[in-house]
Every structure is written in structure tokens, then in C-alpha cells.
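Have the structure open as you read along.

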Amino acid sequence: MSGHEHYEHIVHATEVGERIDKFLGSLEFIPSRSLAVRLLEDGLVTVDGRDVEKRHIVQAGERIEIDVPVAQDTQLVAEDIPLDIRFEDDHLIILSKQAGLVVHPAQGNWTGTLVHALLAHSPDLGTLAGEDRPGIVHRLDKDTTGLMMVAKTDEAQQALSEMIKIRSIDRRYITLVHGSIAPDSGLIDAPLARDARERMRMTVSDSPTAKQAVTTFRVLERF
């Protein structure tokens with residue numbers, strides 16, 4: 001995978017019994033457990049060719065493959081990028097992200113992100129998502145516009161992340177669909193997981209590690 005170092009590890013009999021996130025964090029090429037969790041969440045770790053959750057217990061003989069992003073010798077620097085802020089107080093910012101703006105630094109986008117713009121507006125942001133994602137609670141794709149929540153404190157970041165986790169925050173999207181949807185409304189219940197061939201894509205899956213994804217829809221207009 002471009003921009004990543006690929007590693008393989010065969011679990012030895014003396015290494016069994018640990019959760020995989022803790023086990024990965026003990027490997028010399030993964031400096032922390034938090035990075036291990038992020039690699040698992042980003043679909044960059046497979047066990048015998050399949051995705052696993054962080055609570056997976058490693059077993060003797062398992063082949064663990066890990067793609068670790070190549071570290072960049074860069075430091076986050078505030079950049080003067082316009083922000084469309086809709087609400088702000090001492091705890092959080094609600095902004096409308098424009099199309100074409102990447103949320104946080106990653107391979108191929110080390111500058112010019114929403115994070116760089118936020119640092120210019122508010123240097124002190126929540127730190128729980130990591131040094132390269134200050135204040136970030138959730139993401140929108142580069143070419144997607146919409147409202148985003150940004151945490152200005154660790155307390156706000158923890159609270160907002162928990163609300164997203166338990167689905168007490170309602171997310172609504174307006175999208176233009178190519179093709180014809182017969183019903184005027186409905187419900188799509190289709191678990192999602194990393195695509196086995198294209199690891200940066202999500203796909204409908206019956207994998208035991210697939211995450212529940214329930215979407216209700218309503219047709220607003222037909223063309």
C-alpha cells in the first residue's frame with residue numbers, strides 16, 4: 001500500500017491470550033496502543049486475511065498483517081483558511097465544511113486541511129483524538145459539504161464522541177442519486193466493513209466485524 005510500511009507477524013505460542021490492540025501496541029514498530037487502535041479502526045490490520053475488532057484475542061499461529069502509515073517529519077502549523085462558523089462557545093464549534101477540504105492530515109494531504117484552519121482560529125482544541133487531529137470528533141469526506149462539530153476542550157470531545165457512539169446525535173444528508181429509487185421512502189439496514197480488495201473503501205458486508213449501519217431515506221424531488 002502506497003505511503004505505508006507493511007509488516008507481518010506470526011503469533012507465537014508464548015504470545016497468546018492478549019487483546020489484539022494491546023498486543024499490537026507492544027510491537028516495536030507500533031509505538032503506542034492508541035496507534036494500534038487507530039490502525040484497527042482504519043482497516044489497516046488483518047488476521048489471517050480478515051478484519052478483526054480490537055477485543056479479538058490473539059491465538060498461536062495467526063498471521064497478523066499491518067500497514068503502518070509512513071511517519072511524516074512535519075509539525076502542524078496554523079494556516080489562514082476561511083471557515084464558515086455557524087455557532088461557537090467555550091466548549092465547541094459548529095462549522096459548515098466546504099467541498100474539497102480534507103478534515104485532517106493524512107497521506108497525500110499533509111497541509112491545507114480543516115485542522116490547519118482550526119488551529120489558526122482557535123489554537124487550543126481537544127486533544128483526545130491525537131496530536132494530528134486536534135478537536136476532531138467526526139469526519140466528512142473531502143468532497144462532502146455539511147455541518148461538523150469541533151471540540152475546544154477534552155471534556156467536550158469526550159462527551160461528543162460518546163453521543164456519536166450511542167447514536168444520540170441524528171445525522172441527515174441531502175444527496176443527488178444517479179438512477180431510479182422506486183419507493184418514496186424506506187429503510188436501508190446493511191452492515192458495513194472495509195472492502196477486502198480496496199482497504200480505504202467501505203462496502204456492505206456479512207463479516208462478523210461489520211458495523212451496524214441503518215439509514216432511513218425520503219425522496220425530496222425527482223428529475
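Trainee: Happy to start! How far apart are the centres of domain 1 and domain 2?

Mentor: Keep in mind that this is a predicted model. The chain is divided into domain 1 (4–69), domain 2 (85–166) and domain 3 (174–222). Taken over C-alpha atoms, the centres of domain 1 and domain 2 are separated by 28 Å.

Trainee: Now the second largest pocket: which strand gives the most to its lining?

Mentor: This pocket holds about 380 Å³ of space. Its lining is made of 17 residues, and H138, L147, D170, R171 and R172 lie nearest the centre. The strand that gives the most, with four residues, is β6 (residues 146–151).

Trainee: And which class of residue has nine members in that lining?

Mentor: Let's sort the lining by class. Four of the residues are polar and four are charged. The class with nine residues is nonpolar.

Trainee: Back to the strand, then. Which residue in β6 does I93 stand opposite?

Mentor: Good one to trace on the screen. β6 is mostly covered, with five of its six residues buried. Strand β5 (residues 92–97) runs antiparallel to β6, and six bridges join the two. Across this pairing, the residue opposite I93 is V150.

Trainee: Is L187 buried or exposed?

Mentor: First find L187 in strand β7 (residues 185–189). Exposed means over 50% relative accessible area. L187 has a relative accessible area of 54%, so the label for L187 is exposed.

Trainee: Which residues is L187 in contact with, leaving aside its neighbours within four places in sequence?

Mentor: Exposed as it is, L187 does have partners. Beyond the neighbours within four places in sequence, L187 is in contact with V214, T215, T216 and F217.

Trainee: Last one: what distance separates the C-alpha atoms of L187 and Q158?

Mentor: Start by counting along the chain, where L187 and Q158 are 29 residues apart.

Methods:
Residues are numbered from 1 along each chain as its sequence is written. This is a predicted model: local features need pLDDT of at least 70, side-chain atom pairs count only at pLDDT 80 or more; totals for chains, interfaces and linings use all residues. Side-chain values use heavy atoms; hydrogens and water are left out. Domain bounds come from an automatic or database domain assignment. On a 1 Å grid over the protein atoms alone, a cavity is a set of points where a 1.4 Å probe fits but cannot get out, and a pocket is an open set with protein on both sides within 12 Å along at least five of seven lines; lining residues have an atom within 4 Å of a point. Grid points are joined across faces, edges and corners, and a volume is the space filled by probe spheres set on the points. Ala, Val, Leu, Ile, Met, Phe, Trp, Tyr, Cys and Pro count as nonpolar, Asp, Glu, Lys and Arg as charged, and the others, Gly among them, as polar. Buried means under 20% relative accessible area, exposed over 50%, partly exposed in between (1.4 Å probe, protein chains only). Two strands pair if DSSP finds at least two bridges between them. Contact means heavy atoms within 4.5 Å.
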